[in-house]
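Trainee: Could you take a close look at one part of this protein with me? I would like to understand how that part sits in its surroundings.

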Amino acid sequence: METISSPFNKPKVQLHIHLDAAIRPETVFYFAKKKQMHLPGIESIEDLKKKVVCNQAGSLTEFLSKFEIFMPPVVGDREAVKRIAYEFVETEAKQGVIYCEVRYSPQLFANCKVDPIPWGQEEGDLTPDEVVELVNQGLKEGEKDFNIKVKSILCCLRHMPSWSVDVVELCKKYHKDGVVGIDLAGDEGLKGETFPGHLKAFQEAVRCGIHRTVHAGEAGPPSVVKEAVEMLKAERIGHGYHTIHDPDLYKRLLDKDMHFEMCPYCSYITGACDPDFTKHPLIQFKKDRANYSLSSDGPLPTGRTLEYDYVLAQKFMGFTEKDFMRANINAARSCFLPEEEKKELLERLYTAYGMTSL
């Protein structure tokens, strides 16, 4: 993953990044060698990077296809899962992130008590429940070693509605132990019979006071955003770029102070937005003083870390230091921490930014 100098070197908050899309290439390669797993055409870490990094605008489908390459060496492996979580915290800290919410599907790291077993694995003994425990262990050790706070969000997947009830049960079990919310990710075009399973899980999340964010309006139309807000009771929208194409919905969500988790470079790689960054929807959100933040989404398949999103925002979207401060304050006030911890985070940012309010 390429790292570059950020135009904003003050403390940051990141709300939208996937753990499985933030694995270090070196870690994938290490476990592939350890298991004597042959990855076609990959003889070195550089080969791996060339295979898994998307270098030009494509589609969400192409982006997601990269996971088929780098996930098999690490899934179902206790050492790998905990190490990935720990290394994630170190990477975030090096970028000046002081608080992060990292999301993942526990089922996609498991090989037991999950149907179907993902990534073509044979059945083993690592359950989704233990995956959450291992991720928590890695995150907590990283928090202690790198002086950063990291919580997690558990993902439901649109194409696997049968997993969603189990996901919300894990959210309930670990609600006071590292897990702060639930998410719905995947192909926005999938509806019909797949939707009731997700709806049931999110209704249970509402009932139990579990925070909710939903991927919507990335590859899909504004109607998916409307569905996320009205049916799933989303408190934040993952991406949401296409919301601006429905002026009534957009205005309603602006008035509601809905938070949008924006990932500029990834939106280019997945083909979600115009490849011309000077036409990115984020510019409209900024102009309208919407409640949004900046995140990197998937550093491994994009080959870019959070700093690059800041560079793009400054170079092509007219972001100033004050705009970056506003985005991070937005992230802090829209995060899923308990109110007292949220207040502490906001105070820490205000102090670092030398301000009392925006």
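Where is P116 found?

Mentor: Happy to, and please keep in mind that this is a predicted model. P116 is found in the loop between β2 and α6 (128-146). Let us look at the loop itself, and then at what lies around it.

A cis peptide bond joins P116 to D115, with omega at about 0°. K113 is found in that loop between β2 and α6 too, and K113 has a positive phi of about 55° although it is not a glycine.

Now follow the chain back to β2. This strand belongs to an open sheet of 8 strands, ordered β1-β2-β3-β4-β5-β6-β7-β8 with parallel pairing. The edges are held by β1 (12-18) and β8 (291-294); each has a single partner strand, so one side of each is left without a neighbour in the sheet. On average, neighbouring strands are turned by 25° against each other, direction ignored. At the β8 end, β7 (residues 259-262) pairs with β8 in the parallel sense over 4 bridges, and H259 stands opposite N291 in β8.

Helix α7 (residues 164-173) touches β3 and β4 (179-185), and its direction makes about 160° with that of β3. Helix α16 (residues 339-353) lies across β1, β2 (97-104) and β3, running at about 135° to β2.

Strand β3 also leads us to an open space. Together with α3 (60-65) and α4 (67-70), β3 (149-157) is among the elements that each supply at least two residues to the lining of the largest pocket. That pocket has a volume of about 740 Å³. Its lining counts 34 residues, and L64, F67, L157, H159 and G186 lie nearest the centre. Helix α3 gives the largest share, 5 residues.

Let me finish with a link near the start of the chain. Among the 26 salt bridges of the structure is one where the side chains of E321 and K10 meet, at 3.0 Å from N to O. E321 lies in helix α15 (residues 321-334) and K10 in the segment before β1, so this pair ties together parts that are 311 residues apart in sequence.

Technical notes. Residues numbered from 1 in each chain as written. Predicted model: local features only at pLDDT ≥ 70, side-chain atom pairs only at ≥ 80, totals over all residues. Heavy atoms only, no water. 1 Å grid on protein atoms, 1.4 Å probe; cavity = no way out; pocket = protein on both sides within 12 Å on 5 of 7 lines; lining within 4 Å. Points joined across faces, edges and corners; volume = space filled by probe spheres on them. Pairing = 2+ DSSP bridges. Axes fitted to C-alpha atoms, helices over the stretch in contact; angles between N-to-C directions. Contact = heavy atoms within 4.5 Å. Salt bridge = Lys/Arg side-chain N within 4 Å of Asp/Glu carboxyl O.
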